[in-house]
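Me: Please set out the structure below, and then let us go through it by question and answer.

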Amino acid sequence: MARTVTTRQKALNTTLAWAIGLLIFFPILWTILTSFKTEGQAISDPPIFLFFDWTLENYAIVQERSDYLRFLTNSVIIAVGSTLLGIVVAVPAAWSMAFVPSKRTKDILMWMLSTKMLPAVGVLYPIYLLFIKLGLLDNRWGLVVVLMLINLPIIVWMLYTYFKEIPGEILEAARMDGATLREEILYILTPMAVPGIASTILLNVILAWNEAFWTLNLTAAKAAPLTAFIASYSSPEGLFYAKLSAASTMAIAPILIMGWFSQKQLVRGLTFGAVK
Amino acid sequence: MKYTVRALLGATALCSAAALAHAETLTIATVNNGDMIRMQGLTDDFTAKTGHTVEWVTLEENVLRQRVTTDISTNGGAFDIMTIGMYETPIWGANGWLVPLDDLSEEYNVADILPAMAGGLSYDGTLYAAPFYGESSMIMYRTDLMEKAGLEMPTAPTWSFIREAAAAMTDRDADINGICLRGKAGWGEGGAFITAMGNSFGAQWFDMDWNATFDGEAWANTLNFFKGMMDESGPAGYATNGFNENLSLFQQGKCGMWIDATVAASFVTNPNDSTVADSVGFALAPDNGLGKRSNWLWAWALAIPAGSQKTDAAKQFIEWATSTSYIELVAANEGWANVPPGARVSLYENPNYKDVPFAQMTLDSILSADPLNATVNEAPYVGVQFAAIPEFAGIATDVSQEFSAAYAGQQTVEEALAKAQALTNDAMEAAGYR
Amino acid sequence: MATQHSRAAARIMMAPAVILLLGWMLVPLTMTLYFSFKNYLPLRGGDLGWAGFENYTRFVTSSSFWPSILTTLIIVGGVLFITVVFGVLLALLLDRPMWGQGIVRILVIAPFFVMPTVSALVWKNMFMDPTNGLFAHLWRAFGAQPVEWMSQASLPSIIIIVSWQWLPFATLILLTAIQSLDGEQLEASEMDGAPALKRFWYIILPHLSRAITVVILIQTIFLLAVFAEIFVTTGGAFGTKTLSYLIFQRVLESQNIGLGSAGGVYAIILANIIAIFLMRIVGKNLDN
C-alpha cells in the first residue's frame with residue numbers, strides 16, 4: 001500500500017462513505033427508534049427523531065400477545081438445523097467436484113442452481129399434500145429438511161468455490177510424506193477449508209432465517225418461526241407503526257447481531273468464486 | 001403433569017361433563033383484529049372452565065385466508081378451529097369440510113343468534129360456523145365538521161347528499177378530507193365496498209345466466225360517481241386505502257365521513273386511540289332511491305374442520321367464545337362498548353348495551369342488509385358484498401385491481417370496466433357456468 | 001491424479017446431494033405436471049377429470065399473462081441494474097482509505113439481514129405511506145404534494161425496496177473483488193498519468209467482470225422468486241403482478257390448482273430460458 005493519501009482526501013472519503021452508510025442503514029434505525037415511541041408519536045408530523053418519551057410499552061404488548069421466545073427458538077432451530085444438515089450433505093459433494101472434476105461438473109452445478117428457480121407457490125399444493133402424508137405439517141424437522149433443500153445449491157456452490165482454491169500440490173506433498181487420507185482431511189484440508197465453511201454457514205443461516213414462504217405455509221402453532229410472528233402484526237386495526245416496529249426489531253435483532261459480530265468472517269468468504 | 005391434574009380437578013369442580021373428556025390442546029387460527037386479540041387475552045377463563053388449553057395462530061387477514069384455505073382443501077388438519085367469514089362458510093359447508101354445529105347445548109341458545117348472521121353462516125339450513133362478531137356497514141361522520149358545513153345528517157341519507165356534504169366538509173388546507181372510502185384492491189377490501197355500493201345503484205355481479213354485467217350502465221354510474229366524489233373530496237392515495245388506512249385517517253381527524261364496517265364504531269369512539277372520539281355521529285349507509293342501501297353484511301365466525309380429532313373440545317371452545325357469558329366477561333373487563341357486537345339478539349335487548357352510542361345504528365344496519373335479496377334486479381347469487389360461489393374471490397380480486405388502477409388514474413373507468421367484463425366472463429366460462 | 005478409484009469415490013460423495021436435489025425437483029415437478037393437465041378445483045370437489053391442454057391455453061391467453069412476464073423482467077432487470085451500478089460505486093468508495101471503515105461496512109451490509117416481509121412492511125408503512133410516511137412528511141416540509149408511492153409509482157417502489165435488500169450483497173462481493181486487484185498494476189497506471197475514468201474502464205471494470213457475473217447469477221435466482229415484497233405492498237395491483245404472483249393468485253385466490261400448475265410449468269420454462277441465457281455468459285466468464 002504505497003499509495004499516498006492526503007488527509008483531506010481521507011476526510012472526504014470518510015464523510016461520503018459515512019453519509020451513504022447512514023442513509024442505507026436509516027430504515028433500520030428508524031424502525032428501532034419507532035419501536036420506543038407511543039403510537040401517536042410514531043406518526044407525528046413533523047417526525048420526532050430522538051426527543052420523544054422513550055417507552056418499552058410496545059415490547060410489553062407484543063410479548064404479552066405472542067410468546068416471542070417460542071418463535072425465536074423455532075427460528076434458531078430451523079435456520080441452524082437446515083444449514084448444518086446442508087453442510088453435511090454438501091461438503092462431500094463440493095469436495096469431489098473440486099478435486100475430482102469431470103466434464104459434467106459445471107453442468108451439475110448449474111443444474112443445482114436452476115432448481116432454485118422453481119416458483120415456490122406453484123408447488124405449494126403438491127408439497128402440502130406430501131407433508132400431510134408424511135405427518136410433517138407444523139413440524140420443525142420437516143422445515144429443516146425443506147429449507148436445507150432450498151439452500152443446498154447455494155451451499156454446494158459456495159463450498160465448491162472455496163475448495164477449488166485449495167492448491168492440489170499441498171495434498172500431493174502431504175501424500176508423499178506418507179499422510180493417510182484421514183490425516184490429509186483432518187490436518188491439512190479441514191483447517192484450510194474452515195473459513196470457507198464458516199462463511200457458508202453464516203450466509204445460509206441468514207437465508208434460512210429470512211425465508212418466509214414455506215416457513216409460513218407449512219406451520220401452525222408448534223413450529224412457527226419469527227416470519228409467522230411478524231404476520232400477526234402486519235396490518236392490524238388502528239394505529240400500529242410502533243407495535244409493528246417493536247415486533248420487527250425483535251424479529252431481526254438476533255440475526256442482525258449475529259451478522260455484525262461475524263461480519264469479518266462473512267465478508268471474507270462471500271466471494272462465490274468471484275475472485276481468482 | 002401436576003398442572004394437568006390440577007386443571008382436571010378444577011374442571012371437575014366447575015363442569016362435570018368436561019371431566020369425562022381428557023384435557024386437549026386446541027390449535028386455533030384467527031385473524032389479528034382487535035376483538036380476537038381480546039379473546040386471546042381471556043383464554044385463561046376457558047382453560048379454567050374446561051381444562052383444555054389453546055394455542056393461537058394469529059395472522060393478518062390475507063395470510064390467514066391463504067393458510068386456512070390450503071389446509072381445509074387438502075384436509076391437512078393443522079387447525080382444530082378456524083376463523084372464517086360469511087363468504088367461506090356456505091361454500092365449505094356445502095363441500096362437507098366443516099363439522100355441522102347442530103348439537104350445541106341448550107344453555108348456548110342457538111336461537112339467540114341474529115337471524116341474518118345465522119342465515120349467512122348456514123348451508124341448507126344447517127349452521128356450520130358460529131358468529132364471533134357480526135357487522136354491517138354504516139356512515140360514521142364528524143358532528144363538529146358537519147355543523148361547521150351548515151348541514152345536518154339525515155338518519156338515512158342518499159348518495160347525492162353524501163357527495164354534497166363531502167365537498168362542503170373538505171378543507172385541504174386543514175388536511176380534512178370530506179370522505180374516506182376503501183379503494184384498495186382485494187375482494188374483501190375495495191371490492192367489498194364497491195359491490196355493496198353498486199347494489200344501491202342497481203348494479204350486480206351477474207345476470208340470471210351468470211353473465212358479467214360490467215358493460216351495463218349501472219356499473220359505469222357506480223364507478224364514475226365513486227371516482228368523481230373521491231377525486232373531489234377524498235384523501236390522497238385513496239386507491240390504496242383499505243379499512244386500516246381509513247381507520248387511522250379518521251382517528252387522526254382527517255376524514256369528515258367514513259362509510260365502513262360497523263365494528264369500527266367502537267374504535268373511533270374510544271378516546272385512547274381516537275382524537276375525535278367525542279364528536280362522531282352515525283347514520284345508515286346511503287341509498288340512491290332504488291330501494292337498496294349500500295351496506296354489507298359480514299361475520300367473523302368460528303368453525304371446526306371436518307378432519308379435526310378434537311371435535312368435542314372444539315365445540316366447547318366455540319360455545320365459550322360465542323356465548324352471552326363471554327360477552328359479559330368482556331364487558332366486565334373492558335366495558336360494554338368493547339364487547340363483540342352483531343352476533344346475538346339478546347345483546348341488543350340488554351339495558352347495559354343500550355347506552356352505547358352506536359348500538360342501535362349497528363343493529364339497524366345489520367337488519368337492513370339481506371344477503372338473499374341484495375340487488376335491485378334479480379340475481380342468481382347469495383351475498384351482499386360478494387357472490388357466494390367458489391370462483392368469486394379470485395375473480396373479484398382481479399376486478400378490484402382493475403378498479404383500483406382506475407381510481408389511481410392509470411386507466412379510465414371505461415377501460416377498467418371493459419377489462420373486468422372480459423376477465424369475469426372468461427373465468428366464469430372456465431368454471432363452467434356459461 | 002484422478003484415478004478410476006477416486007472417480008468412483010467422487011461419485012459416491014456427490015450422490016447424497018444430487019439424489020436429494022433430484023428428488024426435490026422431480027417429485028414436485030411431476031405433481032405439477034400431473035395437476036396441470038387436470039381440472040383440479042378444490043372448492044368444487046377436487047379432481048374433476050382430465051383437461052388436456054386447456055389449462056395451458058387458458059393461462060397464456062389470459063390478459064394478465066404477458067404483462068406479468070414483462071413485470072417480472074422489469075423487476076429483475078431494474079434491481080440488477082441498480083445493485084450492480086451502485087454496488088460497484090459503493091465498493092470503490094469503501095475500498096478507499098477512511099476512518100471507521102469497519103463501522104461503515106456494518107451499516108452498509110445491515111439491510112441484508114432484514115426479512116423481506118419486514119422490509120416491505122417498514123418501507124410501505126413508515127416511509128412510503130402518502131399520509132403518515134416519512135417521505136410524505138419530507139415532501140410536505142418542502143411544500144410538495146406527497147407521492148402516492150404504491151399506486152403512482154408501484155413498480156419503482158418495489159424495485160427500490162428489493163434493491164435496498166440486495167445492494168449489500170452486491171457491494172460485498174464486488175468489494176472483495178476490488179480488494180484483490182493488484183495494487184502495483186494500478187499504481188503503474190497512476191504513474192503513467194492515466195485519468196481516473198480510464199483507469200476504471202480499462203483496469204478495474206475488466207477485473208470486476210467475474211464478480212459482476214456472479215452477482216447477476218445469484219441475484220437473478222432470488223429475484224425471480226420475489227413474492228413477499230409484492231404481497232405486502234400492492235397485492236399485485238397497479239401492474240406489479242409478476243409471473244410467480246399470478247400463479248399465486250390462480251392457486252390460492254382462485255383455488256384453481258390445474259390452472260396454477262400450468263402457470264408453474266410456464267414459470268419453469270421461463271426460469272430455464274433465463275438459466276440457459278445466464279449459463280452462456282456466466283459459464284464463459286467463470287471458466288477462464
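Me: What is the mean pLDDT of chain C?
Reply: This is a predicted model, in which local features need pLDDT of at least 70 and side-chain atom pairs count only at pLDDT 80 or more, while totals for chains, interfaces and linings use all residues. Residues are numbered from 1 along each chain as its sequence is written, and chains are lettered from A and ligands numbered from 1 in the order in which they are written. The pLDDT is the predictor's confidence in each residue, from 0 to 100. In chain C, 94% of the residues reach 70 or more, and the mean pLDDT is 87.

Me: What percentage of the residues in chain C are buried?
Reply: Chain C has 13 helices and two strands, and its C-alpha trace spans about 75 × 75 × 30 Å along its principal axes. A residue is buried if 20 or more other C-beta atoms lie within 10 Å of its own, exposed if 12 or fewer, and partly exposed in between, with C-beta atoms placed from the backbone. Of the 288 residues in chain C, the buried share is 51%.

Me: Which helix of chain C gives the most residues to the side that touches chain A?
Reply: Two residues are in contact if their C-beta atoms, placed from the backbone, lie within 7 Å. By this rule, 84 residues of chain C meet 80 residues of chain A. The greatest contribution to that side of chain C is 15 residues, from helix α1 (residues 4–36).

Me: How many residues of chain B are in contact with chain A?
Reply: Elements of chain B that each supply at least two residues to this side are α3 (34–41), β2 (53–59), α5 (61–73) and α12 (243–251). The contact takes 21 residues from chain A, and the number from chain B is 24.

Me: Why do the buried residues of helix α9 of chain B line one face?
Reply: The buried residues of helix α9 (residues 159–169) of chain B are B:W159, B:I162, B:R163, B:A165, B:A166 and B:M169. An α-helix has 3.6 residues a turn, so residues three or four places apart point the same way. The arc is that of the directions from the helix axis to the C-beta atoms. The buried residues of α9(B) line one face because, seen down the axis, they fall within an arc of 165°.

Me: What is the bridge partner of B:Y141 in β9(B)?
Reply: Two strands pair if DSSP finds at least two bridges between them. Strand β6 (residues 130–142) of chain B pairs with β9(B) in the antiparallel sense over five bridges. Four of the five residues of strand β9 (residues 280–284) of chain B are buried. The partner of B:Y141 in β9(B) is B:G281.

Me: Is C:F238 buried or exposed?
Reply: Most residues other than glycine have a negative phi, and most peptide bonds are trans. C:F238 has a positive phi of about 55° although it is not a glycine, and it is found in the loop between α11 (228–233) and α12 (243–253) of chain C. With 25 C-beta neighbours inside 10 Å, C:F238 is buried.
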